[in-house]
Amino acid sequence: MKEKPFLIFLVISLLLMPLPGMSEENQNRVMNDSTFLEDGKKYFAQGNFQEALHQWQKAETSEISLETEDQKYVLNMLRGEAYRRLGQYQEAAKYFNQVLQEAQNGNDVVIVTQTLDKLGAMAFELGDSDEALKFLSEGLRLAREGGHSSSVAGLLNSRGNVLTSLGRNNEALGAYTEAATLAGKNDNTELEVIALINSVKAASQEQLLENSEDRLDLAFQKIDSLSDDYGKVNGLLTVGIFYSALDAQKTKPNQGKRAYDELAVGRQEGQRGVRVVAGGGPQELDEVVVTPDSDFTWPSFRGNENAEQASKKSLRLRAFETLEKAKNMAQEIGDRRGEAYALGHLGHLYEENKQYEDALTLTRQAVVKSQKAVATESLFQWHWQTARILRAKGDLDAASQAYRRAIAALQPIRNEVSIAYQAKKANFRDGVGRMYFELADLLLTRAKGQSGGDAGPEYLIEARNTIEGFKAAELQDYFQENCVQPSQTLTETLTTISPNTAILYPILLRDRIELIANFPSGLRQYTVKVDEKELTKVAREFRVQLQQPTNEKFHESAKQLYHWLIKPVELDLERENIQTLVFVPDGALRSIPIAALSDGNQYLIEKYATAVTPGVTLTDPKPLNRGNINVLSLGITEAVQGFPALPNVGKELEALKGMYQGKQLLNEDFVVSNMRQELQNEDYNIVHIASHGLVESNVENTFVLAHDEKITMDRLAELVGLFRFRKAPLELLTLSACETAAGDDRAALGLAGVAVKAGARSALATLWFINDVVASDLIQEFYWQLKNPALSKARALQLAQIKILENTAYRHPNFWSPFLLINNWL
């Protein structure tokens, strides 16, 4: 099984259920067979899975024997569960599959169904919902046929988790409700509580807020009957957090939705076993000054009751009391991680209540407790919370330091956090990404100064670097791997390599747009009084208008966007003699062609060569070597796999053959095996693919069409990645017939990351599918201009686009503007 970090959809308690199918008496008999086994059970109950495994390993190496199959099942199931919670999935799968095989051989249906439940939950945690549903459906079939209602309850709870992640909330609510009912009938209070808590999100997503509140109240009542252990702390934490999220949803709907979304990045991630090197980074203990526990007096918490709520405690006050109870219990049983989470979320409640001194004390305590518990999965959250509180208090220096600590603490676990956001179909930028933008906002505010004078260069440099850091993190989130390794030195060297180039960062903030322009002479800042919502609206309208070649309404949008993005820097562009504009777009700006912006008289492309990059630090800044260009051109003219024919592709590839040396694979010759063979055996520096392609928000659905199959982005990166091990890397990857969906900013991010993922210095691709004749003519002109060693790739594309737009039949930007030069423009 593929090894990935631990993932859970609904925070904390989803996995915390006793091993079904085994009586408490049997479990106790097994675990009391030795001190090692008993100690392992104790550590497991505390959430210390690593030590539990260590104790069980000691038992295994001793002469203790397990006499019954039940004993073996319990111990191996516990081992698998411990490894699973530590995120060590290969080890977990080994034990679960061993249990499954033995249970199948012994016709033990209960154990088979419970193991299928574990394997289904694990597949879900790894992001494979389809595989998860297969395991769970088979388990449910067997459990229902055998009349094992306890197993049915557990499987329904797991199925509900998957359905919720797919947005099928009504189905999920039904599964959770039946799971809770069956668990109650079987006196399985822990599972009943878990199913009730899980049902809250599904109900709240359907705006069944009173229903959600009642379910939380019932869960809270039932938690009291559980034994005081790790599971009970988790239950209290989850209920407290959900009370808070439900309060936010009722009082501030937008923040409430965000609160529920962020529950996915919660305590369970600590069970992946994420670690950082002791003493490394900015999160060391001596950096945080905090009031010692023994001297801390709990502040009074201001509830939000009103007359209508006089007979019932407010949601916020219930959240406070539940989290305080979780904190106290965690202290009593030695659950340091649970205590850290309780302190952090209590701090957040005080932050929301604007009781900033108390919020700061609690949050700093959460930082210290997380460090002591090595709870690195939560450390960045509490540093981030500290930063927000300090900024609200007006201490900008300390806030900046806290933001830096938060970002540094996120680095070792960025991939894990990414997967959590992917699983719940949430937007990385609107989640963890806000941390980067909050720091950039603070730095840009300080750079501008209270008087509105010149920008402080040190703040501007850090603001730019912060956004570059976000760009790398966002791309890693999209591709779900660390394929992106930024180099901070490039932002300084590019202005030397490309002296007539300006790099423009439009930073979309809630109340304004900040433009950072990187000129050869240095950085400059421009503030535009338009909020992100308005700019996004116009950008999306512009994209839709451009895709309709008979729609002339695009002119107003083109001028408005030019006014916001280009007009503020126009005079400086002229003074600096800028010839090439490189954009590092954000949000909705990724899905529009910057070249089509207009001042009312000329398109931007008629003034400047343009290029886009997901981040300058992701760019390999070496000019194209024209001395020995060798092109592998691949294309399809025929209708295949349900896609229409591209009759002009043949002419396009023939033209390339006449200009450059290389090899051509057309139609039935363009199959993956032939492509692989060519890339393995020949040194090509340009790969040109003239075939249908689709870029979606989900990288797994992104592909380029070969004659025999769809080449996914991972497969394409694997094929093109062969160049990484050669002296001469791939200079240019061209995808001349791909498209992204209008309004899908994440898909546009994927398009921008094509070159980075594939290991190519540059990519030339289209935002939408266009007229086959025009596409072929433009591509041919681009390659013809590229033969001139005096021209950069950006300049070659500019001349090709201008040639097309000068034809009155094709002056509409629909025909020429969707071609984007991505990454290296030299």
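**Where the labels come from**

Glu 541 sits in helix α23 (residues 532–546). This is a predicted model, so local features need pLDDT of at least 70 and side-chain atom pairs count only at pLDDT 80 or more, while totals for chains, interfaces and linings use all residues. Residues are numbered from 1 along each chain as its sequence is written, and side-chain values use heavy atoms, with hydrogens and water left out.

Q: Why is Glu 541 called partly exposed?
A: Buried means under 20% relative accessible area, exposed means over 50%, and partly exposed is in between (1.4 Å probe, protein chains only). Glu 541 comes out at 33%, so partly exposed is the label.

Q: What makes Ser 557 buried?
A: Its relative accessible area is 6%, so Ser 557 counts as buried. You'll find Ser 557 in helix α24 (residues 554–565). Leaving aside residues up to four places away in sequence, Ser 557 touches Val 538, Phe 542 and Gln 545, where a contact means heavy atoms within 4.5 Å.

Q: What share of the residues in the chain is buried?
A: Buried residues make up 60% of the 826 residues. The chain's secondary structure comes to 33 helices and 15 strands; these are DSSP runs numbered from the N terminus, with helices being H or I of at least four residues and strands E of at least two. Of the contacts in the chain with a separation of 6 or more, 72% are between residues 24 or more positions apart.

Q: Why are α8 and α10 called roughly parallel?
A: Angles under 35 degrees count as roughly parallel, over 145 as roughly antiparallel, 65 to 115 as roughly perpendicular and the rest as oblique. The axes of α8 (residues 149–165) and α10 (residues 189–205) cross at roughly 25° and come within 10 Å, with axes being lines fitted to C-alpha atoms, for helices over the stretch in contact, and angles running from 0 to 180 degrees between N-to-C directions. The two helices are therefore roughly parallel. Residues making the contact include Ser 150, Ala 153 and Gly 154 of α8 and Leu 191, Ile 194 and Ala 195 of α10.

Q: How do the residues of the contact of α8 with α10 divide?
A: They split into five nonpolar, six polar and one charged. The sorting goes like this: Ala, Val, Leu, Ile, Met, Phe, Trp, Tyr, Cys and Pro count as nonpolar, Asp, Glu, Lys and Arg as charged, and the others, Gly among them, as polar.

Q: And what makes α9 roughly antiparallel to α10?
A: Helix α9 (residues 169–185) packs on α10 at an angle of about 160°, with the axes 8 Å apart. That angle is why α9 counts as roughly antiparallel to α10. Among the contact residues are Tyr 176 of α9 and Leu 196 of α10. The contact of α9 with α10 has eleven nonpolar residues, five polar and one charged.

Q: How do you know that strand β1 is largely enclosed by the rest of the structure?
A: Eight of the eight residues of β1 (residues 501–508) are buried, so the strand is largely enclosed. Thr 501, Ile 503, Tyr 505 and Ile 507 point one way, and Ala 502, Leu 504, Pro 506 and Leu 508 the other way. In a regular strand the side chains alternate between the two faces of the sheet.

Q: Which strands does β1 pair with?
A: Two strands pair if DSSP finds at least two bridges between them. β1 runs parallel to β4 (residues 580–583) over four bridges, with Thr 580 in β4 as the bridge partner of Thr 501. Six bridges join β1 to β2 (residues 513–519), and that pair is antiparallel. β1 and β2 form a hairpin with four residues between them.
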